[in-house]
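Trainee: I have a model open and I'd like to go through some side chains. Can you help me read it?
Mentor: Go ahead and show me.

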Amino acid sequence: MTDNSKDLYYMQDSRSYVGNDIMFWAKNGNGYTTDLRLAEVYTKEEAVSMHQSRSTDIPWPKDYIDAKTRPAVDMQYVKISEALADTGIELTKPKKEPRSRCTECKSFVGKSWPYIPCAKCGASA
């Protein structure tokens, strides 16, 4: 990138997040995105103007944000059955852990019992 890269910005819509991810303005006015490959890049003048028009639009220097990115996979866009089709891999179902019963009231209790008293009757092992 040229020396002008310090004058390029992403615009955050600070009204909401997706998980821990920042929402940026998407290219061509196509809403918002957490994927920087799909985010619009603005000049400093455009970014300042947008922020002055709506205070919830926050300009972030492109170089700064690009240095803070990390690869991630959004679970909304993947399907294990589709990914493993024609691979010959068959997933096994997770084994159910045995359930314990309270010695007093016979209610099912969580994994932390007997360290935490039974929620129903207060008994401990």
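Trainee: Is tyrosine 77 buried or exposed?
Mentor: Tyrosine 77 is exposed, because its relative accessible area is 68%; exposed means over 50%, buried under 20% and partly exposed in between, with a 1.4 Å probe and protein chains only. This is a predicted model, where local features need pLDDT of at least 70, side-chain atom pairs count only at pLDDT 80 or more, and totals for chains, interfaces and linings use all residues. Residues are numbered from 1 along each chain as its sequence is written, and side-chain values use heavy atoms, with hydrogens and water left out.

Trainee: Where is tyrosine 77?
Mentor: Tyrosine 77 lies in the loop between helix 2 (62-68) and helix 3 (80-84). Helices are DSSP runs of H or I with at least four residues, numbered from the N terminus.

Trainee: New topic. How many salt bridges are there?
Mentor: The structure has 5, each being a side-chain nitrogen of Lys or Arg within 4 Å of a carboxyl oxygen of Asp or Glu.

Trainee: Which residue pairs with aspartate 66?
Mentor: Lysine 62 does, at 2.6 Å from N to O. Lysine 62 is buried at 13%, while aspartate 66 is partly exposed at 30%.

Trainee: And what does arginine 54 meet?
Mentor: Arginine 54 meets aspartate 57 in a salt bridge, 3.0 Å from N to O. Aspartate 57 is buried at 3% relative accessibility, and arginine 54 is partly exposed at 27%.

Key
Helix = DSSP H or I, 4+ residues; strand = E, 2+ residues; numbered from the N terminus.
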